Amino acid sequence: MSRVVGHDDLLLVTLDTLRFDVAVELAEAGRLPNLARHLPGGRWEERHAPGSFTYASHQAMFAGFLPTPAAPGPHPRLFAARFEGSESTADGTFVFDTPDLVSGLADAGYRTVCIGGVGFFNKRGALGSVLPGMFQESHWAPEFGVASPTSFESQVARAEEVVAELPADQRLFLFVNVPSLHQPNWFHLPGATRAAGDSRETHAAALEYVDRHIGRLFAAASSRRRCFTIVCSDHGTAYGDDGWSGHRLGHESVWTVPYAHFFLEPGAP
């Protein structure tokens, strides 16, 4: 990453609340054609989330603590604040001297842009302004939120506008928090009802919805130069697993998340 930063554009996509098992099942079944073509080997990597809910996990990721490989470490990190005694800062790590990765990339000459989704990015109050406030430019609208059946395609349209307005020589760090997997997601499955509520099946349908539109986001992010891309979940969620429901709890369905990083080449499908 020490060679990537300053040369390539950067895209971080958090598929908020996406379960690892659902992501793997859909990829293996061929139900994620647009995502799977970019996953290394066509497979998601199993990792452990740095937090059990959106705010905690994103605070950690924006400090350089991305989801950790689900195997004994230490594991070298892509990004890290300069910190004496860090065992996960390696020769190739991009090391920054600011309190968070976002400002570190800004110092390195990047335009930092947030396109928010869930309530922690809606800027409607003090708490919802903390995470987007790290960025030089942030966007949120009701049509990007969890209650919108067209949230992701609306976010993608905004991302296309952001990229189109940038000077050609301006490096970009674009962050998109995708709310579609978060509850409520029942409206993504044909025939599902509000009364029946969300389920593992509606969660899967929401991921298929995201896959149908993510190609446009990838095309926009790589339209000017090569783009190093990270796609991951910030945490999972439980749908009655061992009696547990929801997240902000310590169940495997919450802590285990899908992760991938890869380069998007300009003009690639």
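Figure 1. With a relative accessibility of 0%, H203 counts as buried (buried is under 20% relative accessible area, exposed is over 50%, and partly exposed lies in between, using a 1.4 Å probe and protein chains only). The model shown here is predicted, so local features need pLDDT of at least 70 and side-chain atom pairs count only at pLDDT 80 or more, while totals for chains, interfaces and linings use all residues. Residues are numbered from 1 along each chain as its sequence is written, and side-chain values use heavy atoms, with hydrogens and water left out. H203 belongs to helix 7; helices (H or I, at least four residues) and strands (E, at least two) are DSSP runs numbered from the N terminus. Setting aside neighbours within four places in sequence, H203 has contacts (heavy atoms within 4.5 Å) with T17, L18, R19, V22, L181, N185, T237 and Y239.

**Figure 2. Helix 1 and what it packs against.** Helix 1 covers residues 20–28, and its buried residues are F20, V22, A23, V24, L26 and A27. Their packing partners are strand 2 (45–48), helix 7 (200–221) and strand 12 (256–264). Have a look just past the helix too: there G30 adopts a positive phi of about 75°.

**Figure 3. Backbone spots worth a second look.** Most residues other than glycine have a negative phi, and most peptide bonds are trans. T17 is not a glycine, yet its phi is positive, near 80°. T17 sits in the loop between strand 1 and helix 1, and at 0% relative accessibility it counts as buried. D242, also not a glycine, has a positive phi of about 50°. The loop between strand 10 (238–241) and strand 11 (244–246) holds D242, which counts as exposed at 69% relative accessibility. For cis peptide bonds, go to G73 and P74, where omega is about 5°, and to Q183 and P184, where omega is about 0°. P74 lies in the loop between strand 3 and strand 4, and P184 in the loop between strand 8 (171–178) and helix 7.

Figure 4. The whole structure contains 11 aromatic pairs. Rings of Phe, Tyr and Trp (its six-membered ring) pair if their centres lie within 6.5 Å; planes under 30 degrees apart count as stacked, over 60 as edge-to-face and the rest as tilted. The F94 and F96 rings have centres 6.3 Å apart and planes at 35°, so this pair is tilted. Both F94 and F96 are buried. W186 and F187 make an edge-to-face pair, with 5.6 Å from centre to centre and 65° between the planes. Within that pair, W186 counts as buried at 16% relative accessibility, whereas F187 counts as partly exposed at 24%. Elsewhere, ring pairs join F62, F121, F135, F173 and F175 into a cluster.

**Figure 5. Two arginines over rings.** A charge sits over a ring if NZ of Lys or CZ of Arg is within 6 Å of the ring centre and within 35 degrees of the ring normal. R77 lies over the face of F65, 4.1 Å from the ring centre. R226 places its charged end over the ring of F263, at 3.9 Å from the centre.

Figure 6. On a 1 Å grid over the protein atoms alone, a cavity is a set of points where a 1.4 Å probe fits but cannot get out; a pocket is an open set with protein on both sides within 12 Å along at least five of seven lines, and lining residues have an atom within 4 Å of a point. Grid points are joined across faces, edges and corners, and a volume is the space filled by probe spheres set on the points. One cavity of 30 Å³ or more turns up in the whole structure. The largest cavity holds about 70 Å³ of space, and its lining is made of L10, L11, L12, L66, F79, L101, F173, F228 and I230. Strand 1 gives the most to this lining, with three residues. The lining comprises nine nonpolar, no polar and no charged residues; Ala, Val, Leu, Ile, Met, Phe, Trp, Tyr, Cys and Pro count as nonpolar, Asp, Glu, Lys and Arg as charged, and the others, Gly among them, as polar.

**Figure 7. The largest pocket.** The volume of the largest pocket is about 330 Å³. It has 19 lining residues, of which G64, F65, H75, R77 and S88 are the closest to its centre. Strand 3 (68–69), strand 4 (79–81) and strand 12 each supply at least two residues of the lining of this pocket. The lining of the largest pocket divides into 11 nonpolar, six polar and two charged residues.
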